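Here are a few notes from my pass through the model. Have a look at it first, then read on.

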Amino acid sequence: MLTLWLHPLPTNFSQERRFPESAAKFYAAEVAIALQYLHSLDIVYRDLKPENILFNSDGHIKLADFGFAKRCSTVTYTFCGTSEYMAPEVRSLNGTLWT
C-alpha cells in the first residue's frame with residue numbers, strides 16, 4: 001500500500017518565508033508540467049493559487065481542488081476563481097470585458 005503525505009508547504013518554507021531560487025525554479029517547472037499534462041487531456045485547471053499546490057513527502061508538487069476544472073477542447077468563457085488572486089480589473093467587471 002502506497003502512503004502519500006501531502007503538505008501545503010515544505011516545513012522549511014514556513015520558517016524562511018521564501019524558497020531559494022533553485023527551488024522556486026523547480027516548483028515553477030513542476031506546476032508548468034502539471035498544467036501542460038492537464039491541457040493535453042483537454043482539462044482546464046482554473047483555480048491555481050498557493051493553497052492548491054501541495055507537496056508530497058518526496059518534495060514534488062500535486063495540484064489539488066479540481067472544483068473549477070473543466071473539460072474543454074476549444075474556448076471557455078466561464079468566469080470563476082478566487083477573487084483574492086484576480087487582477088483588480090477582472091474583479092471589477094461590470095458587463096463589459098474590462099472596466
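**Notes on salt bridges and backbone**

1. Let's start with a pair that sits out of the solvent: Asp 47 and Lys 49 are both buried. They form a salt bridge, with 3.9 Å between the closest N and O atoms. Keep in mind that this is a predicted model.

2. Where does Asp 47 sit? It is in the loop between strand E1 (43–44) and strand E2 (53–55). Leaving aside residues up to four places away in sequence, Asp 47 touches Asn 52, Asp 65, Phe 68, Gly 81 and Thr 82.

3. How many salt bridges does a search of the whole structure find? Two. Besides the Asp 47 to Lys 49 bridge, there is one between the side chains of Lys 25 and Glu 21, at 3.2 Å from N to O. Lys 25 and Glu 21 are both in helix H2, four residues apart, or about one turn of the helix. Lys 25 is exposed at 55% relative accessibility, and Glu 21 is exposed at 58%.

4. Now the backbone. Most residues other than glycine have a negative phi. Asp 65, one of the contacts of Asp 47, has a positive phi near 60°. Asp 65 belongs to the loop between strand E3 (61–63) and strand E4 (70–71), and is partly exposed at 43% relative accessible area.

5. Asp 42 also has a positive phi, near 60°. Asp 42 lies in the loop between helix H2 (21–40) and E1, and counts as partly exposed at 33% relative accessibility.

Key. Residues numbered from 1 in each chain as written. Predicted model: local features only at pLDDT ≥ 70, side-chain atom pairs only at ≥ 80, totals over all residues. Heavy atoms only, no water. Helix = DSSP H or I, 4+ residues; strand = E, 2+ residues; numbered from the N terminus. Contact = heavy atoms within 4.5 Å. Buried < 20%, exposed > 50% of the residue type's maximum accessible area, 1.4 Å probe, protein only. Salt bridge = Lys/Arg side-chain N within 4 Å of Asp/Glu carboxyl O.
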